[in-house]
Amino acid sequence: MRLNKLFASMLFVGASFSGTVLANTFQPFEVTDIQVEGLQRVALGAALLSLPVKVGDTVDQLKIQQAIKSLYASTNFENVSVSRDGGVLIVSVTERPTISAVTFEGNKDIKDEQLQESLDGSGVKVGESLDRTMLTGIEKGLQDFYYGVGKYGAKVQAQVISLPRNRVELKFNFTEGLAAEIRQINVVGNKEFTDAELIGMLELKDYVAWWDLFGERRYQKQKLQADLETIKTYYHNKGYIRFEVTSTQVAMTPDRKGLYITINVNEGEKYKVKGVNLTGDLMGREELMQSILPIKAGDMYNGGDVTFTEDMYSKYLGRFGYAYPEVKSYPEIDDKTKEVTLNINIKPGKRVYVRSVNFTGNTVTKDEVMRRELRQMEGAWLNSAQIEQSKARLNRLGFFETVDTETIQVPGTDDLVDVAVKVKEQPSGSFNAGVGYGTESGLSLQFGVQQNNFLGSGNQAGINLSTNKYSKNVNLSYTDPYWTKDGVSLGGSIYWNEFDANEANLERYKNSSYGVALNSGFPINEYNRINGGIGYRHNTISEISAYEQALRFYNIYRAEDPNADLSFDNFELSLGWYRSTLNRGTFPTDGSSQRLSGKMTVPGSDLQYFKTDFDTNFYFPVNRSQSFVVLARGRLGYGNGYGQFNDNDQILPFWENYYSGGSTSLRGFKSNSVGPRSFYLYRGSEPCSPDPSGDGCSLPGDPNSIQVSSGRSIGGNAIATASLEFIVPTPFLDEAYTNSVRTSFFVDAGNVWDTEFDYASYQTLPAEEFEKLQDYSDPARIRASWGLSLQWLSPMGPMVFSLAWPIKEYEGDQTEIFSFNIGKTF
């Protein structure tokens, strides 16, 4: 309860108009002059305006008393006396002192800001005059507040400290004392449900487990009222329509440190629904409204179902412009048959139109960016479904932490409303100056800038100059999602990248690339979109380890020197489909999204290959508030070459392989470490080298003398991963941060495969060595892990923290239990 409301109900406002009339009895006389003595702050003119007497008036005893009351009523004076000297009326006053400062001491349960806000509402603030008659009421109001939270020993004393020039300091001294604890809660009269069941659903507790560090047995009057409603709702939802709380008693122990709460109830009996009648103006849709009615004859009465039905019909009418429908249920209770007939009366009211849609809270995002997402148009009738759709589209932008809508009736009309859209913006990009740490990967640094709401325009812009231990990247990108008013997007990027696979937990090679890309998107409907693009890429590959999988690539392109750099120029086409029904762009809690994408190099490019990917996410809210959510995710990917080069089938370049492991997939495993590993062939200490005239090792001699050794992860041309997460409220966190912090428990599973490499061609190796090779190829193995994840949208970009433990791993796997990253997309 707000303190100012509490004060308003508790303040005792009294004023004593016992001004002194110096003459025992005033004989009527004509006023020839008026003198006001004792003025300091109040102007003479202001005092005379408050005096209902002027020169020339004839005054008597009654008139003088009225004058004194009027001066007190002006609230400027705390003492008034009147006398006369012949025809001169002399008014002597003592002004109320001015409040120079308001201070609080000893208060812990109420913050200074709350107290001052409440005092402001009562006119007690710095610069105002002090009305001493209000202090007693304020003291009592504050004391009653403490009683309401169980602190019955609390005391509040207002102290007035005099200062020079008729000023005072108003000081409130608090002695809060200890809160009385609830010793026991008793429910009397319950038969169908046990005390433990009923008390267990209450917010007030008379027992707190030892492990519940934040539980308390403190009494609060407001919580008791809410708990009584909880019990009543519970019974009504179970069919006990006659249930009532007959009385409650709160008894205090003699030492005022403990409380006993007794709740007396009358359960009544269960009632069934005899029938449901729809009455009122059904707008010719009686058959449809009857068909969607969720309550049927013979059902057990349920108060929650009745409320849901009322809300459902209200929302249904809202789709047709009826902004303020009245849907009320009137139960007819038959105590003999224990049946209830529900009469649901529907009054659509008048159809209303939207005059304007107004935005607040968007300090960065321009109105036009938000307006183009609206489906509720100005000038059209109000449609609740279109408002909800507009709200969902705004949420999916990812620019806002919250989006709320409200319909406000235009004053003086009964058929016009304004729609108020209030948003709370959140970081829509990231200044990717970040730090990452893993139990295996150690410390890494990242830098970059990405803005998804550039200058509030809704356009996406990025100038990324990022570097870490394995990659250097320069990328300039820009996308206008509304290149046309129909939602056709247009964007492009220019980039340069250097990648050192050895530093990224992969087998050694370096890839230097640069290129340019142009892309566009086309909306199909509210939920589906198609994207396409074209680009040019140049790759230079160097310092490749001579492992067998890489030798296959060299053999196709007839590279005689394994240490020679390879350069490729490719023109790429891309095509994708994206569908989303998510309720928010960041941290969604309901809906699903699917993305199917593919790219291929244009025939005639130096390399001819393709890649396809499919990602899907499903969010299933467990409760109505969507604070508990189940998230199911999956990813499938496949790539390969097409056509031939020098009579060899082209393959997927190894730098285009899929990788898994790390904070964005298979948590609990080191980044990029999951999947096939490289292998080398040796004879003694001499490694095998590529044979430009054939496949495999060119070392002469007995194949039985060749040995196999493993290297690091190299990825593969196929990937399959899945994840199941249970999203829960973040403990100890204020509800204001719900949309910027997410906590979840997860299980990840998946793997990466190379489906094209011919491991069978090495069967001529010794059996023991061939078994090693099969182990390195990682055939048909699935990794799995479980753990805890915490994600936070920090001002510098996303933060990801996870603890994960593998539950299915194999020899040679690199695990990473703890990982932490800032400024890394997730």
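In this predicted model, strand β15, which runs over residues 339-347, is mostly tucked away: seven of its nine residues are buried. On one side of the story is strand β13 (residues 272-280), which pairs with β15 in the parallel sense over eight bridges. Within β15, Glu339 stands opposite Lys272. Then there is strand β14 (residues 326-334), and here the pairing with β15 is antiparallel, with nine bridges. Ser329, for instance, has Ile344 of β15 as its bridge partner. β14 and β15 form a hairpin with four residues between the strands, and Lys338 in that hairpin takes a positive phi near 60°.

Strand β7 (residues 98-105) and strand β9 (residues 167-175) pair in the parallel sense, with seven bridges between them. Phe104 has a bridge partner in β9, namely Phe172. Strand β8 (residues 155-163) pairs with β9 too, this time in the antiparallel sense and over nine bridges. Here Ser162 stands opposite Val168 of β9. β8 and β9 also make a hairpin, with three residues between the strands, and Arg165 is the residue there with a positive phi near 60°.

Next come the charged side chains. The structure holds 20 salt bridges. One of them joins the side chains of Lys54 and Asp57, at 3.8 Å from N to O. Lys54 has a relative accessible area of 56%, so it counts as exposed, the cut-off being over 50%.

Another salt bridge brings together Asp414 and Lys350, at 3.4 Å from N to O. Asp414 sits in the loop between β17 (400-409) and β18 (416-425), while Lys350 sits in the loop between β15 and β16 (353-360), so this pair ties together parts that are 64 residues apart in sequence. Both ends are partly exposed: the relative accessible area is 43% for Asp414 and 47% for Lys350.

Glu656 and Lys611 are both buried. Salt bridges can also share partners, and in this way Arg633, Arg667, Glu725 and Asp748 are joined into one network.

The surface has a nonpolar side as well. Ile463, Leu465, Val474, Leu476, Ile494, Trp496, Tyr514 and Val516 make a nonpolar surface patch of about 710 Å². At least two residues of this patch come from each of four strands: β23 (460-467), β24 (471-480), β25 (489-500) and β26 (510-523). Leu465 is one of the patch residues, and it is found in strand β23. Its relative accessibility is 45%, which falls between the 20% and 50% cut-offs, so Leu465 counts as partly exposed.

What about the empty spaces? Rolling a probe the size of a water molecule over the atoms shows where empty space is left. The structure holds four cavities of 30 Å³ or more, and the largest cavity has a volume of about 160 Å³. It is lined by 15 residues, of which Arg552, Leu652, Phe654, Asn657 and Asp754 are the closest to its centre. Two elements give two or more residues to this lining, α12 (548-556) and β31 (629-641). Of these, α12 gives the most, with three residues.

Key
Residues numbered from 1 in each chain as written. Predicted model: local features only at pLDDT ≥ 70, side-chain atom pairs only at ≥ 80, totals over all residues. Heavy atoms only, no water. Patch = residues over 30% accessible without salt bridge, like charges linked within 9 Å, V, L, I, M, F, W, Y side chains within 5 Å. Areas by Shrake-Rupley, 256 points an atom, 1.4 Å probe, with all protein chains shown as cover. Salt bridge = Lys/Arg side-chain N within 4 Å of Asp/Glu carboxyl O. Buried < 20%, exposed > 50% of the residue type's maximum accessible area, 1.4 Å probe, protein only. Pairing = 2+ DSSP bridges. 1 Å grid on protein atoms, 1.4 Å probe; cavity = no way out; pocket = protein on both sides within 12 Å on 5 of 7 lines; lining within 4 Å. Points joined across faces, edges and corners; volume = space filled by probe spheres on them.
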